[in-house]
Amino acid sequence: MTENESQKHGIMDGLKESITVKLLFIATLILLLLIPSSLVNNLINERAGRQDEMMRDVSDKWSGSQVIKGPVLIIPYKQEVKETDATNKEVIREHTGNLYVLPDNLHIKAGLSTQILHRGIFDVAVYNSLVKVSGNFSKADLGSLSLTPDQLLLNKARIVFSISDLKGLKNNPVIKANDQTLTAEPVFDNTSVFGGGLQVAVDISGAKEGNVPFDYTLDLKGSQGLSFLHLGKTTDVEANGTWSSPSFDGRYLPDERAVNKEGFKARWRMLYYNRPFPQQWVNNDTLLSSNKKLDDAVFGVKLRLPVDQYQKTMRTSKYALLIISLTFISLFLTEVIRKQRIHIFNYILIGLAMIIYYSLLLSFSEQVGYNYAYLIASVSTIALVSVFIASLLKNKMATWLFAFILSVFYAFIFVIIQLEDFALIIGSIALFIIVSILMYFSRKINWDKH
C-alpha cells in the first residue's frame with residue numbers, strides 16, 4: 001500500500017515538474033481565455049451600437065444626413081389615343097402624360113457651419129448650411145420622344161426638387177425660374193419623381209428658345225453628412241465647411257480638395273455619360289425614386305469624427321490572443337530558465353488581468369479618448385502584473401525585465417493600431433523578431449529531460 005502511494009506521488013510530482021504538461025496547461029488556458037475575450041468584443045459592439053442609437057436619436061430630432069436632389073422640369077403634354085368603347089366602336093380620347101427634363105447645367109455651392117452635439121458620453125456632428133442651386137433647362141428633344149411642340153402644356157409646367165430630410169429646412173424656399181419668383185409647396189404624392197419633396201408651378205410658354213434658367217437657395221440643417229445627386233448634363237459642385245476631418249464618399253471623388261485644421265474645400269465637375277438615368281423621358285413618374293442604381297449618382301462629404309474609440313478598441317482586442325500567448329510564453333521561459341516554478345493558477349490570474357485590460361480600455365476611451373485610455377489601461381495592467389510576478393519570483397531584475405517585455409508588447413500593439421496602412425508589414429517584421437528572440441532563449445531548455 002505504501003509502495004502504491006509512493007508510485008502515485010511520484011507520478012503526480014513528475015506531472016507537476018513536466019514541461020510538456022505545463023505547456024499543455026498553458027495552451028488550454030489560452031484557449032479558455034478566448035471565451036471572456038469574445039465577451040469583451042460583444043461589449044464593445046454593444047457600446048458601439050449604443051453610440052449609433054444615440055446618433056440616430058440626435059439626427060431624428062435635429063435632422064438627418066442630407067442629400068440635395070433636383071431640380072427636375074416636368075412638362076405635361078396631351079396625346080390623342082385610339083380606344084374601343086363599350087359598343088366596340090373606335091373612338092379617339094385625349095390623355096395627359098408628363099415629360100421629364102433634367103438640367104442642362106447644374107451649379108451647386110454649399111457652405112457648412114459645423115458643431116458637435118453631446119448626448120451623454122456620445123458625440124454627433126451636425127451642421128447648418130446654405131446651399132445655392134442654379135442652372136438651366138434646355139429645350140427638350142421632342143423628336144426622340146415622338147412628341148410635337150403643340151402637344152406640350154407649357155403653361156402648366158412644374159419644377160420639382162427635394163432634400164432627403166425635409167425637417168431640416170429652416171425656411172420656405174423661393175425659386176426664381178424663367179423671370180418668375182415662386183414659393184415652393186410640398187409634394188404629398190409619394191409616387192412623384194422624388195417620392196415627395198417640393199415643387200413650384202411655372203409658366204414656360206414664353207421661354208426664349210426653350211431655355212429655362214433657375215436659381216434658389218436652401219437654408220437647411222443636417223447631421224453627419226451632406227451629399228448631392230448628379231442630375232445635370234454638366235454638374236458643378238463646390239462645398240466648404242469648418243470641419244477638419246471630412247471624408248469624401250460616393251461615386252465621385254472631388255477634382256480639387258483642400259483640408260486643414262480650419263476646415264475643408266472641395267470641388268466636383270461631372271458629365272452625364274455614366275449617369276444611371278437619361279436626360280429626358282416620358283411617363284415614368286418614379287424613375288428617380290425607384291432606381292436601384294441611384295446611389296451611383298450620389299456623392300458628397302461625411303463629417304467623420306476624428307477618433308472612433310470603438311473601432312480602435314475593437315481592433316486592439318483582436319490582438320488579445322497574441323498578447324496573452326506572448327506573455328505566457330515569456331513567463332514560462334522565465335520560469336524554466338530560472339528553475340522557479342509558477343503555479344498554473346497564477347497564470348489564470350495574469351490572463352484574467354489581461355482580459356480586464358480591454359474593459360478598462362473601453363470604459364476609459366469613452367471618457368478621455370482612445371490614446372489616453374490606452375496609456376492608462378496599459379500602465380495599470382503592466383504595473384499589476386509586474387508587482388504580482390515580483391511577489392512570485394522574489395527577483396527585481398526578472399521583474400523589471402518582465403515589465404519591459406510587457407511594455408514592448410503594448411507599445412507594439414499601439415503602433416500597429418495607429419499605422420493602419422503599414423500595419424501588416426510592421427506587424428510581420430515585429431512578430432518575426434519576437435519569434436527569433438523566443439527561439440534564442442528556448443535553446444537553454446533541455447527538452448529531453450522533461
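Asn178 sits in the loop that links strand 6 (174–177) to strand 7 (180–183). The model is a predicted one, and in it Asn178 has a positive phi of about 50° although the residue is not a glycine. Most residues other than glycine have a negative phi, and most peptide bonds are trans. Asn178 counts as buried because its relative accessibility is 13%, and the limit for that class is under 20%.

A second residue of this kind is Gln224, whose phi is also positive, near 70°, in a residue other than glycine. Gln224 belongs to the loop between strand 10 (212–223) and strand 11 (225–229). Is Gln224 buried, exposed or partly exposed? With a relative accessible area of 29%, Gln224 is partly exposed, since buried means under 20% and exposed means over 50%.

The backbone has a further exception in the peptide bond between Gly70 and Pro71, which is cis, with omega at about 5°.

The chain has 450 residues, and 44% of them are buried. Among contacts with a separation of 6 or more, 76% are between residues 24 or more positions apart. The accessible surface of the chain is about 24400 Å², and carbon and sulfur atoms account for 57% of that area.

What does Trp268 contact, leaving aside its neighbours within four places in sequence? Its partners include Thr235, Asp236, Val237 and Ala239, as well as Phe248, Tyr252, Leu253, Pro254 and Asp255. Phe299 and Gly300 are also in contact with Trp268.

Ile30 is a residue of helix 2 (residues 19–32). Ile30 counts as buried because its relative accessibility is 13%. Which residues does Ile30 touch, not counting those up to four places away in sequence? They are Leu321, Ile324, Ser325 and Phe328. Ile30 and Ile324 are 294 residues apart along the chain, yet their C-alpha atoms are separated by 7.1 Å.

The remaining topic is a pair of helices. Helix 3 (residues 34–61) packs with helix 5 (residues 309–317) at an angle of about 170°, and the axes are 10 Å apart. Helix 3 is therefore roughly antiparallel to helix 5, because angles over 145 degrees fall in that class. From helix 3, the residues that take part are Ser37, Asn41, Ile44, Asn45, Arg47, Ala48 and Gln51. They meet Tyr310, Thr313, Met314 and Ser317 in helix 5. By residue type, the contact of helix 3 with helix 5 consists of 4 nonpolar, 6 polar and 1 charged.

Key. Residues numbered from 1 in each chain as written. Predicted model: local features only at pLDDT ≥ 70, side-chain atom pairs only at ≥ 80, totals over all residues. Heavy atoms only, no water. Buried < 20%, exposed > 50% of the residue type's maximum accessible area, 1.4 Å probe, protein only. Contact = heavy atoms within 4.5 Å. Areas by Shrake-Rupley, 256 points an atom, 1.4 Å probe, with all protein chains shown as cover. Axes fitted to C-alpha atoms, helices over the stretch in contact; angles between N-to-C directions. Helix = DSSP H or I, 4+ residues; strand = E, 2+ residues; numbered from the N terminus. Parallel < 35°, antiparallel > 145°, perpendicular 65-115°, else oblique. Nonpolar A, V, L, I, M, F, W, Y, C, P; charged D, E, K, R; others polar.
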